[in-house]
Structures are given as structure tokens and as C-alpha cells.
Amino acid sequence: KTMKALSRSLYFLLFTIMFASLTQGIAQTTKNDSLFQKAKNLYQKIENLDIDINSGVPRSIRGTLAKNINLNDVAQTKQFLRTSKALFRMSDATDDFQVKKIFKDNISMTHAKLQQTYKGVNVWGAELILHSDAANTVLEVNGRFTPDLNIDVIPSITSEGALSLALADLGQADYRWENPEQEKTIKEVFKDNSKTWKPSPELVVAPRNGDFDKAEYRLAWKMKICVDGAKLGNWEYFVDAKTGEIINKFNSMSDATGSGVSNYNGTVSIYTKWNTTNYQMSDTLRTIKTYTLNHGTTLPGTLLTDSDNYWNSDNSAVDAHWGAERVYDFYKNIFGRNSFDGSGAEIRSSVHY
């Protein structure tokens with residue numbers, strides 16, 4: 001009787017899970033269909049619509065979107081985005097864009113990268129990239145837009161106060177701006193006597209812990225603290241501008257270049273990270289990490305390390321890491337795409353499964 005009751009409970013649980021999944025799937029499909037219909041009404045021809053499942057707004061819209069839009073004209077570019085506001089849930093009162101970069105490639109396509117702003121403050125990690133052909137026909141919009149923000153953008157903590165909190169968290173270190181030779185060098189390189197390594201905090205809207213999926217956005221002071229010595233790195237800090245909480249921090253320095261023996265390309269250069277005791281197969285510039293499963297099956301495995309940054313004991317790992325860097329660079333340099341999701345997602349490779 002106990003086994004029968006348990007079986008009935010398990011069947012009921014399985015049915016509940018399946019029903020919930022089916023219901024969620026139907027709801028998501030309905031939402032996608034509705035968004036696709038809106039896109040069809042807005043644009044001339046839609047070939048593909050990719051939707052961010054967390055925010056519910058497009059990550060990529062491709063097709064024949066609009067003709068005679070000169071992406072070099074900021075007013076035309078912004079006006080085109082305004083026509084798309086229903087898709088992205090843009091607010092005329094709070095959402096705007098700043099042009100970060102406009103360039104033409106070797107096949108005469110123009111690419112315009114725009115930074116999202118909210119009440120005049122940059123939304124960290126939120127950029128839309130527009131692509132048009134030689135005839136000024138917009139063929140694609142891709143990237144990340146953050147909708148439905150509701151944040152007070154008046155800081156309670158000054159930039160100097162935020163910097164003090166970040167320095168206290170990092171602790172004693174060889175700060176680059178305190179080194180006269182480093183300060184002299186940066187001025188000489190840029191031919192600008194005002195240049196300094198000292199951090200200049202910028203007010204941004206950013207997600208806590210850098211988690212775009214949870215979308216717990218805060219007003220924050222973002223700064224880069226450049227350090228030599230044992231704590232070598234370009235330490236990116238995000239300090240809550242209301243409470244002083246450090247909501248995110250990471251080292252953005254690709255702080256070492258190693259050599260590795262590959263299976264198919266001879267000896268190659270790879271980007272690695274010094275971790276106070278050894279080098280990790282971690283490219284912090286591109287956010288690429290390479291692991292070994294040691295012939296197991298539990299992903300991602302163990303992050304590969306080496307003592308002298310000459311990687312000659314695991315050719316397959318070198319192939320994977322070097323190859324991922326080359327693929328990342330191809331999509332970044334040719335298409336302006338930052339990682340596989342267009343928004344800097346971490347790329348993990350695991351060898352020896």
C-alpha cells in the first residue's frame with residue numbers, strides 16, 4: 001500500500017511538473033508570437049526575432065527593417081529606435097541613447113553602437129548595435145536593452161566616498177597612480193599631462209553582482225583601480241551610490257600572455273591570468289576559461305593551471321583555449337559581437353570528457 005501511495009504521489013508530481021512546463025511554454029510562445037506580430041507591423045520584413053527570456057525584449061531583430069536610414073546621422077538613428085519603443089518597452093521620459101561608435105566595414109556595411117542611458121545615466125552593459133548596408137537599409141538590431149527601470153539617480157554618497165570604500169575593500173596594494181614612473185609613463189604615452197592612473201568614478205545604473213538575468217539594478221559608482229605587484233590587476237568596482245555596499249567587483253586585466261604547444265597550430269600565444277601562486281587558463285579580457293574534466297563527466301571540471309605559463313603538457317587544452325580566443329576575436333572584430341550572446345557571456349571550454 002505504501003509503495004502504491006508513493007507511486008501515485010510520484011505520478012502526480014511528474015504530471016504537475018509536465019503541466020507547469022507545458023503551460024509556461026505556451027505562455028512564452030504566445031508572448032513571442034505577440035512580439036513577432038508587433039515587429040511585423042513595425043518593419044518591412046522580419047527574418048528572425050530572438051527574444052531575451054528574462055527581460056522579454058528582443059536581443060536581435062533581423063530582416064529588412066527600414067530603408068533610407070543614415071546611421072551616421074545621430075538624429076535618424078535615434079528616431080529609428082524610437083519607432084521600435086513598443087518592442088523594447090522604451091520610455092520617452094527616461095530612456096535615451098548615446099552613440100559610442102560608428103564605423104563602416106570592408107563590405108560597405110555601417111555599424112552604429114549606442115549606449116543606453118536612464119535619466120541621463122549610463123546603463124552598464126546595455127548597448128544596441130544597428131547594422132545597415134551600402135544602400136542605408138537597416139538589416140539588424142542586436143544587443144541588450146534594459147526595460148522598466150525605476151531608480152532614483154541622485155547619489156547619497158560622493159564619488160570620493162565611493163572610492164574610499166573600494167580602496168578599503170581592496171586593501172594595501174601597489175596603486176599605480178602612487179608610482180611616479182607609472183604616472184610619467186601614462187602622460188608620455190598619451191601625450192597628455194592630465195592623464196593619470198588615479199580612478200575617476202562614473203555614475204552608472206548596474207545589476208547587483210553583474211547578474212543581468214536577475215535584473216536587481218542599482219545606482220552605483222563604477223571605477224577602475226589599477227594595481228601592480230602581488231594584487232596585479234585592473235580592479236573594476238561598483239559601489240552602491242545610496243548605501244555604500246560593494247555590489248560587484250572583478251579583475252578586468254588580461255594580465256599575462258603565455259605560450260602553449262597545440263596539436264594543430266604549433267606553439268601559440270594564449271592569454272592567461274596570474275593568481276598569486278600560478279597561472280590560470282583564464283582570459284579575463286574576453287572572459288574565456290578552459291577546464292579539464294580529467295576523463296570524468298561533471299562539467300565544467302577543474303580550471304587548468306601552470307607554474308611558468310609555458311603550457312606544454314596538455315595540447316588539447318591549448319587548442320581549446322587558443323581556438324576560443326580566435327573565434328571570439330573574429331566575431332568581435334568583424335561583427336562587433338561580444339561573446340556568443342552579444343553581451344560578454346563567459347565562454348567555457350572543457351577538455352578530456
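A word on the ground rules comes before the tour. The model is predicted, so local features need pLDDT of at least 70 and side-chain atom pairs count only at pLDDT 80 or more, while totals for chains, interfaces and linings use all residues. Residues are numbered from 1 along each chain as its sequence is written, and side-chain values use heavy atoms, with hydrogens and water left out.

Let us start with the aromatic rings. A pair of aromatic rings is described by the distance of the centres and the angle of the planes. Here, rings of Phe, Tyr and Trp (its six-membered ring) pair if their centres lie within 6.5 Å; planes under 30 degrees apart count as stacked, over 60 as edge-to-face and the rest as tilted. With this rule, the count is 11 aromatic pairs. One of them joins F97 and F145, a tilted pair with 6.0 Å from centre to centre and 40 degrees between the planes. This pair links distant parts of the chain, 48 residues apart: F97 belongs to strand β3 (residues 95-104), and F145 to the loop between β6 (138-143) and α4 (159-170). Helices and strands here are DSSP runs numbered from the N terminus, with at least four residues (H or I) for a helix and at least two (E) for a strand.

F97 counts as buried because its relative accessibility is 3%, and F145 counts as buried because its value is 2%. Elsewhere, ring pairs link W124, F212, F238 and F250 into a cluster.

Rings can also have a charge over them. The rule asks that NZ of Lys or CZ of Arg is within 6 Å of the ring centre and within 35 degrees of the ring normal. R176 lies over the face of W197, 4.6 Å from the ring centre. In a second case, the charged end of K195 sits over the ring of F190, at 4.7 Å from its centre.

F330 is partly exposed because its relative accessibility is 42%. Together with V327, Y331, I334 and F335, F330 forms a nonpolar patch with about 470 Å² of accessible area. Patches are made of residues with over 30% relative accessible area and no salt bridge; like charges are joined within 9 Å, and nonpolar side chains (Val, Leu, Ile, Met, Phe, Trp, Tyr) within 5 Å. The areas come from the Shrake-Rupley method with a 1.4 Å probe, and for residues only the protein chains shown count as cover.

Charged side chains come next. A salt bridge is a side-chain nitrogen of Lys or Arg within 4 Å of a carboxyl oxygen of Asp or Glu. How many salt bridges does this rule give? The count comes to 23. In one of them, R82 meets D96 at 3.8 Å, N to O. R82 is in helix α2 (residues 74-83) and D96 in strand β3, so this pair, 14 residues apart, links distant parts of the chain. Both ends are partly exposed: R82 has 22% relative accessibility, and D96 has 30%.

Another salt bridge joins K187 and E183, with the closest N and O atoms 3.6 Å apart. These two residues are four residues apart in helix α5 (residues 180-190), which means that about one helical turn separates them. K187 is partly exposed at 22%, whereas E183 is buried at 14%. In the salt bridge between D283 and R286, the closest N and O atoms are 2.7 Å apart, and both residues are buried. Salt bridges that share partners also join K78, R82, K85, D92 and D96 into one network.

We finish with two single residues. P199 is in the loop between α5 and β8 (202-207), and P199 is buried because its relative accessible area is 9%. Which residues does P199 contact, leaving aside neighbours within four places in sequence? They are L163, W177, M223, K224 and I225, where contact means heavy atoms within 4.5 Å. P199 and K224 are 25 residues apart in sequence, and their C-alpha atoms are 5.7 Å apart in space.

T110 lies in strand β4 (residues 110-118) and is buried, with a relative accessible area of 4%. Not counting residues up to four places away in sequence, T110 touches L71, N72, I102, F103, K104, L130, H131 and S132.

Conventions:
Buried means under 20% relative accessible area, exposed over 50%, partly exposed in between (1.4 Å probe, protein chains only).
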